Amino acid sequence: MTVKLLIGDVELANPVAAAPMAGVTDRAYRILAREAGCGLVFTEMISDQALIYGNPRTRVILEHGGEKGPLAVQIFGSNPDYMARAAEIVAGEGADIIDINMGCPTPKIVKNGEGAALMKNPELAAEIVSRVAARVNVPVTVKMRKGWDDDHVNAVELARLVEAAGAAAVTVHGRTRVQFYSGQADWDIIRRVKEAVGIPVIGNGDVRTPLDARRMLEETGCDGVMIGRASMGNPWIFSRTIHYLATGELLPEPTWEEKIRTALRHLDLLVALKGEHIGVLEMRKHAAWYLKGLRGAARLREKINRAGSVQEMRDILTGILDGGYL
């Protein structure tokens, strides 16, 4: 049975969350994920300094008018004072949960001591959580990895420290920073963290199907599952997972017609959010994800990557329905 999940005083309708992903989890994506029943959605990660200094792009990332909650806003940085100030801004914009990124593996982030680099400095990581939690009146959560590398696996230690510092929940991605997204996620570290702390633990890594989600819950005892890359071009992973956890029934995959019509809606949402030029450019990758596995997809991707207007993109997608690809 699917159970509700409580993070601080925020109640989630189910234990399924959509992972924050740079360049992916914007408002258009979140609307589709929420319509598929996803219990918790996240913004793309936002720099603390970008928030403090009013970077215009952060306004787009923070825009959530008309979305159903709850919404978690993820911030990153390495200065406790800046992070506390950024959290205050985010809370003022209506975030239901503030998530602190301690897992991003990209070089441009970790070279500044941010993201996954904070796992190498647990005391600083805990200080950031403490300062943020003291500044805002919404739950503060942390997303971390297994550790920096296989010689420095410290998720259990860090989880205990951030719990003591005021974190209301932790998400554990079962890979090290060195792994990035390669290899197999270690679910045992999720189990170990769950056994070590009293706050909710959300497991992340290699949840590609509803069956994977149930297996993760059973094997690790975690309180929730987070789905990332498997949701790209596939918001149905959320509704199918929630239904499977609640009933044991595995719903069929969406039809190609459902996929194309949802891709068209995704296009409209992106253009409404970001304007035609940027919306069409960003839709190129989403369209490729929606079409993954379709006969002739490689040729279609070439056409999609040349589309420069909404009408061109729309014609390509509707042409799939009308032109004998299915």
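**Close-up views of a predicted model**

**View 1. The buried residues of helix 4.** In helix 4, the residues Pro80, Met83, Ala84, Ala86, Ala87 and Val90 are buried (buried means under 20% relative accessible area, exposed over 50%, and partly exposed in between, with a 1.4 Å probe and protein chains only). Seen down the helix axis, these buried residues fall within an arc of 165°, so they line one face of helix 4; the arc is that of the directions from the helix axis to the C-beta atoms. The model is predicted: local features need pLDDT of at least 70 and side-chain atom pairs count only at pLDDT 80 or more, whereas totals for chains, interfaces and linings use all residues. Residues are numbered from 1 along each chain as its sequence is written, and side-chain values use heavy atoms, with hydrogens and water left out. Helices (H or I, at least four residues) and strands (E, at least two) are DSSP runs numbered from the N terminus. The cover over the buried residues of helix 4 includes helix 2 (48-52), helix 3 (56-62), strand 6 (71-76), strand 7 and helix 6 (122-135), where contact means heavy atoms within 4.5 Å.

**View 2. The length and ends of helix 4.** Helix 4 (residues 80-92) has 13 residues and reaches 18 Å from its first C-alpha to its last, close to the 18 Å expected at 1.5 Å a residue; the expected span is 1.5 Å times one less than the number of residues. At the start of the helix, a side-chain oxygen of asparagine 79 comes to within 2.9 Å of the backbone nitrogen of aspartate 81. Glycine 94, with a positive phi near 100°, follows helix 4.

View 3. The unreviewed UniProt entry lists Cys104 for "active site"; UniProt positions are given in the numbering used here, feature names are shortened, and annotations may be inferred rather than shown by experiment. Cysteine 104 is in the loop between strand 7 (97-102) and helix 5 (107-110). This cysteine 104 is buried, with a relative accessible area of 10%. Not counting residues up to four places away in sequence, cysteine 104 touches Met45, Ile109, Val110, Gly115 and Ala116.

**View 4. The nonpolar cores.** Met102, Met144 and Phe238 touch the most other members of the largest nonpolar core, which has 64 residues. Such a core is a set of buried Ala, Val, Leu, Ile, Met, Phe, Trp, Tyr and Cys residues joined through side-chain atoms within 4.5 Å. Helix 7 (residues 155-165) supplies the largest share of this core, six residues. A second, separate core of 25 residues includes Leu32, Ile260, Val280 and Ala297. Not counting residues up to four places away in sequence, the contacts of methionine 102 include Leu118, Met119, Val129, Met144 and Leu158.

**View 5. Backbone exceptions in loops.** Most residues other than glycine have a negative phi, and most peptide bonds are trans. Phenylalanine 180 has a positive phi of about 55° although it is not a glycine, and lies in the loop between strand 9 (169-176) and helix 8 (187-196). Phenylalanine 180 is partly exposed, with a relative accessible area of 29%. In aspartate 206, phi is positive, near 65°. Aspartate 206 is buried, with a relative accessible area of 13%, and is found in the loop between strand 10 (201-204) and helix 9 (210-220). The peptide bond from glycine 69 to proline 70 is cis, with omega near -5°; proline 70 is in the loop between helix 3 and strand 6.

How values were computed
A polar contact is a pair of N or O atoms within 3.5 Å; within protein, one must be able to donate a hydrogen and the other to accept it, and residues adjacent in sequence count only if both atoms are side-chain atoms.
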